[in-house]
Amino acid sequence: MSSTALTFPVMAQEPGASAFDFDSFSARMQDLATTAFEPLSALVPEPLHNLDYDAYRRIQYRPDSSKWADDGHGYRLQAFHLGWLYTEPVKVFEIDAGVARLVAFGTSDFQYHDSVVEEGVLADAFPGVAGLRVNYPLNNPQGYDELVSFLGASYFRSLGRDNIYGLSARGLVVNSWVNLPEEFPRFSEFYVERPQQGGALTIYAALDSQSVTGAYRFVITPASDADQETTMDVTARLYFRSDVAEIGIAPLTSMFLYAEANRGDFDDYRPQVHDSNGLLLERESGEVMWRALNNSTTLGNSYLWENNPRAFGLYQRGRDFESYQDAGAHYERRPSLRVEPVGAWGQGMVRLIEIPARLEADDNIVAFWVPAEPAQAGQSREFAYRLRWGNLDPDPKASTAFVAETRSGVGGVSGVENAENLRKFVVDFSGGELQDFADGTPIDILASVSGGVLRNSVLSRVPANGAWRLVLDVETEGGALLELKAYLVGLGRKLTETWLYQWRPAA
């Protein structure tokens with residue numbers, strides 16, 4: 001059976017026991033950054049290259065082959081087979097009492113459900129695994145749910161209790177959508193500490209690419225009955241082989257196809273289709289900004305400059321089935337993901353990229369932190385942050401109202417002909433002390449528009465749900481994009497989140 005050849009650099013000691021600690025691991029990755037990048041290589045049986053999505057999913061890890069199944073701490077380690085998009089093998093080591101040993105996976109660990117693929121794999125030496133996952137009884141003490149998985153480049157994802165998979169995170173972004181080729185750093189090695197009863201799970205990962213190496217530590221605390229969220233405490237130590245125009249720290253990747261602001265562009269029975277519908281930024285001052293997501297016919301870039309942000313993340317707001325009407329995908333159960341920097345990150349920006357998409361299988365939303373100072377060859381940098389995976393619903397006890405929905409359409413007065421260059425933007429604010437305001441309470445609208453002219457603004461309460469609805473009529477200026485910003489103030493204080501939106505005219 002023919003195989004496709006790749007070259008594989010040996011970055012760790014070969015099978016056998018070796019001492020492991022994070023500082024020594026970091027020093028090894030720093031040393032690696034002083035050498036030239038070596039592209040990955042391995043022998044991958046040809047049938048694995050020809051798989052499509054469904055055929056790849058038929059290759060399943062055998063539950064009875066899970067590592068740690070008899071340890072009693074609840075965690076079970078499994079692996080992903082090579083194939084389809086995932087043809088770059090990784091090495092997985094287990095750390096026990098400070099000693100790392102290679103975890104041996106083989107064909108007997110997998111069910112292929114396809115005789116041609118199975119025969120093709122058995123005809124060659126087992127090619128290795130593409131990634132790992134850890135199962136845990138998140139939702140049922142008697143069952144096992146996928147807690148975290150690492151698969152493809154530096155992608156990983158996790159879940160809170162009662163969530164199903166949606167958005168993903170990545171270890172690092174290098175030159176994403178700039179006038180340079182993008183690099184896709186990959187996790188090439190994983191070191192998983194053997195868990196203790198009732199303890200967190202710790203995973204270390206080696207990052208490698210043309211311009212940078214890295215040593216990562218993930219301390220993962222699963223969701224519980226007391227806390228719906230799964231948390232990850234991440235330490236990323238980066239070592240640069242060469243200058244990098246733009247690095248993206250704590251990158252998040254999601255999908256936004258349409259919602260109330262752009263659903264007219266899609267002929268679909270479902271009211272909304274998205275894994276996330278907003279970027280949240282909590283500023284150093286405490287101000288919370290909500291940037292509603294968009295999917296236009298042109299690429300979108302937003303840059304939110306900040307000093308020492310408290311948090312940022314991609315959120316899924318709307319937890320009722322009626323908002324989506326999808327009994328299979330259950331978008332109401334997709335997790336939100338919040339990044340909380342540890343320590344001072346200094347000056348920089350949260351960058352949001354919105355890529356045009358026509359299919360819900362396309363991950364078209366990317367968000368990450370960009371430090372103000374570009375990385376240079378020979379430098380090392382360390383970033384620490386906490387990731388929170390879960391519903392992350394607005395706090396019902398918060399004093400500030402949140403953005404519940406963003407809508408858009410033809411501007412002006414309904415039932416009459418209006419100017420073609422007039423757009424209407426409708427923002428619903430819910431919760432906070434605003435919810436209890438009596439009609440007639442003096443509330444001021446602070447709204448601004450770049451790229452157009454604000455012609456009218458009206459605020460009123462919606463009796464059906466108690467939300468306060470802000471309506472903005474904006475005159476557009478030719479083909480210019482609009483940058484919109486609005487919030488409400490009253491009784492001497494700010495009452496709502498700051499709503500942001502970028503409207504881009506059709507190409």
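Which side chain meets Glu189 in a salt bridge? I looked this up first. The side chain of Arg28 does, at 3.1 Å from N to O.

**Entry: ground rules**

I am working with a predicted model, where local features need pLDDT of at least 70 and side-chain atom pairs count only at pLDDT 80 or more, while totals for chains, interfaces and linings use all residues. Residues are numbered from 1 along each chain as its sequence is written, and side-chain values use heavy atoms, with hydrogens and water left out.

**Entry: salt bridges**

I noted the cut-off: a side-chain nitrogen of Lys or Arg within 4 Å of a carboxyl oxygen of Asp or Glu. The structure holds 34 salt bridges. I went back to Glu189 and Arg28. Glu189 lies in strand S14 (residues 186-193) and Arg28 in helix H1 (residues 22-32), so the pair ties together parts 161 residues apart in sequence. Helices (H or I, at least four residues) and strands (E, at least two) are DSSP runs, numbered from the N terminus. Glu189 is buried, at 2% relative accessibility. Arg28 is partly exposed, at 27%. I wrote down the scale: buried is under 20% relative accessible area, exposed is over 50%, and partly exposed is in between (1.4 Å probe, protein chains only).

Next I checked Glu287 and Lys494. Their side chains also form a salt bridge, at 3.1 Å from N to O. Glu287 sits in the loop between S21 and S22 and Lys494 in strand S35, 207 residues apart. Glu287 is buried at 19%, and Lys494 is partly exposed at 30%. I also found a network: salt bridges with shared partners join Glu229, Glu282, Arg310, Arg338, Glu340 and Arg388.

**Entry: pockets**

I needed the terms here. On a 1 Å grid over the protein atoms alone, a cavity is a set of points where a 1.4 Å probe fits but cannot get out; a pocket is an open set with protein on both sides within 12 Å along at least five of seven lines; lining residues have an atom within 4 Å of a point. Grid points are joined across faces, edges and corners, and a volume is the space filled by probe spheres set on the points.

The largest pocket has a volume of about 1,300 Å³. I counted 31 lining residues, with Tyr53, Arg57, Trp84, Tyr86 and Arg157 nearest the centre. The lining has 17 nonpolar, five polar and nine charged residues. Here Ala, Val, Leu, Ile, Met, Phe, Trp, Tyr, Cys and Pro count as nonpolar, Asp, Glu, Lys and Arg as charged, and the others, Gly among them, as polar.

The second largest pocket holds about 500 Å³ of space. It has 23 lining residues, and Leu280, Glu282, Val288, Asp395 and Glu497 are the closest to its centre. Its lining divides into eight nonpolar, three polar and 12 charged residues.

**Entry: cavity**

How many cavities of 30 Å³ or more does the structure hold? I found one. About 100 Å³ of space lies in the largest cavity. Strand S29 gives the largest share of its lining, four residues. The lining divides into eight nonpolar, two polar and one charged.

I checked Trp68. This residue is not a glycine, yet has a positive phi of about 75°. Trp68 is found in the loop between S4 and S5, and is buried at 6%. Leu491 also has a positive phi, near 55°. Leu491 lies in the loop between strand S34 (482-490) and strand S35 (493-494).
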